[in-house]
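Have the model open as you read.

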Amino acid sequence: KMRWAVGIASAVALAALVMLSVGGREGERMGEGDKSSSLMGKVGSMLLEKSQKLWKDDANVDPSKKGPQEDQDALKRGFEKAMVDGDGSINFIKRLQDIWFVEDQIGSKKISQGAESVATRLQISGFPQDMRDAINADVDPCDDFYEFACGNYDATHQDIPKFKSSKSLSWDYADKMVRESETELFKTDPGPAGLYFRSCMDEDRVNSLGAKPLAPWLNLIDSVKDVSSLVHVVTELNKQDIDVLFSWYISSNPRDSSTKSFNVGPGSYSLPDKTYYTEDSDEMEGHRKKLVEVAAKFFKLVGREDAEKEAKMVLDLETRIAKYSTDRDKERHDHGKPITVEVLEQQTPSWPWRTWLQKLSSCTSPPDGSAKVCESDYPSLLEVGTDKGLVLLLRDEKYFDGLEQMLKDTSLEAIKAKLRWNVIKGAAVYLSADFIDVMVEYSKDLYGIQQKNPRPRKCYYSTTSDVAWPAAKLYVDKVFHVANRQAALEMLEGIRSRFLESLKKEGWMSPDDRLAAQSKLEKMFFQVAWPTDKDGKADWPVESRDLDGLLGSDYFSNYLLVNRKAVDRDFRKMNEAPKRRSWGGSTPTEVNAFYGPNNNGLWIPAGILQAPFFDASNPDARNYGSIGSVLGHEMTHGFDDSGREYDERGSLHDWWDKETVEKFKERSSCVARLFDSYSVAYRHVNGNLTLGEDMADAGGLKFSYQAFMAAKERQPEEKRVFFTAFAQTWCTVERKKGVLNQVLTDPHAPNKFRVLGALSQFAPFAEVFQCPRGSPMAPAERCDVW
Ligand SMILES: [Zn+2]
């Protein structure tokens, strides 16, 4: 419980009483009878009793103020006055603390709590109304700051829309702002984004086609009769960005960020995590059963006769893929093993890798008879894994032993079932209502979602993910407040300078490593709002215009085309040096922010540079607490347990000496243990999976707070606003199934723990809220990395 470190001061207590001209009904005793149910009433009665006790000993008090005047309403009015009284309320809290202390002596706990709660209300009385609306002031900020900052939001937002698995105060609001303005633009935009959106909105057309658009692809899969035809079909699906038994992608080379790499990794499974396949529990068994049901329904919809049997084959094969894959927390540190094609062939001899690359490199016509997207073959693919070509990186080496086993003892029929499943599952949301209904059933089981998205909402997300760049350009050109970009850049520099100061003082690092870390931070580049070159000039990527003139009015054909185009782009650019400032998979409309370890850069999309994260008309304490902490979070990723492995150019190598690494591990394991100790829905958070994010949260909070404090002199209330805004970024209500999913799959801990974990480890928080040492939000021992 909260304890106030103040001594007794009857004069102050009296001053409060006089100011409020308080009285109460004679003879009413506190703690018993308790006629008044309102909080203010309770505190009023407490003050009455105290006043009688104190006045008896104080001859100087004006007799007219002593009498039992009136009732508690007078006191209530006094409190209300104090609450709207700005700075006056701060002083009032202090007086209240004194009174409470006296009261505590005589053991009236209930009253103490009442007074404490009033004190808490006074602490937030100057906050913006919408921040106050989310707060539950009956909760002690030192006990559970998440419940304090978000308790009322959570209590009043249990009505999660049926098509969602969670509701979030800040993220939903910003997302809605972007979505509504963009959707308006899509309705009339003559470019690819508008065309795509409107093709999606043409539900009648989509429904009238039924399963027809899938036919060419399913026929293609039917044609598989041996390994050679299987390789052909797999490459055709690969060109459509569909992976099957293994995955592959082109990215920067982690060990040399000035070059690219060709990565081959484990195959995909459908359920969210391998636990869903391997755990022997009723719950997980239920999910597996549902997967089989859903697959069987899809297979029936496309006319498969042995739908049930094939669906079981899918589960069996996916279970093996899951079992052979590395655990998520270990995968974070797998940077891929450089190998040659020969070695890959030895690793998995049953897959003809060279033939696969050869077929992948040829510019073929899509099996559905639509026009080619490619202009010519991609000969560079033939050089992958040789001296002349891109380095070949094997991700999750062990998986490929499993793949060899699977290829040897899995029937062609089972593999074909898996191909069909991957094609249908990926395409379902682009198809008619019967397919979408099955998808909803699947999401219901996994995430608790009850209903499909309203069509405009669905089409908005489909457009911004599939035609992301033309959509983003539209938003930045027409909606975004340009001034917010400059504000974010200034904030970033402020936070960076605090981080630099702090690095200079990190005693656990060797002096050389300290210097190298500063240099890395200084070289970190910022991409803010929209893509820019190194001189800060707008630099929109080719993706924002290369779909011009290619899209039509058929949703499914558009979907196939944009995916094929994405693969074609990667192949065509594979021999170009990576563009360090490229936005990769993210775009300016996202309500999110990113750090790229392989580039040592920060991406802060326009989508997040708006209320409630940032608003020029908000108190800057709120902006620092919210967007400032987000910016600091991304910056700290450069130095988290994974980011620290990359140097200032974004290349992987040991740039720290052994001792610094040891000390870092010692410090970071404290954070991992802290998060291991949190659990939700009967499952523990995996502190090793969430370590990078948890460290980023801690650093983001610290350096944003320092920047906020350095900017000018701060009042106590501003500090409280800062921390509350930080916490309110994460107010969320979530369906239970969604939470379970998150604990097993998400490198971010559940939001509540992000708040508790970061704030409880940050000493200034406890000072500002006067949390006694040893209270939940102010533990005696703290973890400290950066
Ligand atoms: Zn992060």
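What follows covers the zinc site and then the cavities.

Keep in mind that this is a predicted model. Let's begin with the metal. The zinc ion is held by His-633 and His-637, each through NE2, and by Glu-693 through OE, at 2.0 to 2.1 Å. Read along the chain, these donors follow the spacing H-x3-H-x55-E. Both histidines sit in helix α28, which covers residues 620–637. His-633 and His-637 are 4 residues apart there, about one turn of the helix.

Are these histidines buried or exposed? His-633 has 6% relative accessibility, so it counts as buried, the cut-off being under 20%. His-637, at 11%, counts as buried too, because it also falls under 20%.

Searching the whole structure turns up 3 cavities of 30 Å³ or more. Here is how two of them look:

| Cavity | Volume | Lining by class |
|---|---|---|
| Largest | about 80 Å³ | 6 nonpolar, 2 polar and 3 charged residues |

Around the largest cavity you'll find, among others, Lys-239, Arg-564 and Asp-568, along with Cys-363, Cys-374 and Phe-571.

The second largest cavity is lined by Trp-217, Gln-240, Ile-242, Val-423, Ala-427, Phe-556, Tyr-559 and Leu-560. Two elements give two or more residues to this lining: α21 (412–427) and α27 (555–572). The largest share, 3 residues, comes from α27.

Conventions:
Residues are numbered from 1 along each chain as its sequence is written. This is a predicted model: local features need pLDDT of at least 70, side-chain atom pairs count only at pLDDT 80 or more; totals for chains, interfaces and linings use all residues. Side-chain values use heavy atoms; hydrogens and water are left out. Donors are N, O and S atoms within 2.8 Å of the metal (3.2 Å for Na, K and Ca); water is not among the atoms, so sites may look incomplete. Buried means under 20% relative accessible area, exposed over 50%, partly exposed in between (1.4 Å probe, protein chains only). On a 1 Å grid over the protein atoms alone, a cavity is a set of points where a 1.4 Å probe fits but cannot get out, and a pocket is an open set with protein on both sides within 12 Å along at least five of seven lines; lining residues have an atom within 4 Å of a point. Grid points are joined across faces, edges and corners, and a volume is the space filled by probe spheres set on the points. Ala, Val, Leu, Ile, Met, Phe, Trp, Tyr, Cys and Pro count as nonpolar, Asp, Glu, Lys and Arg as charged, and the others, Gly among them, as polar.
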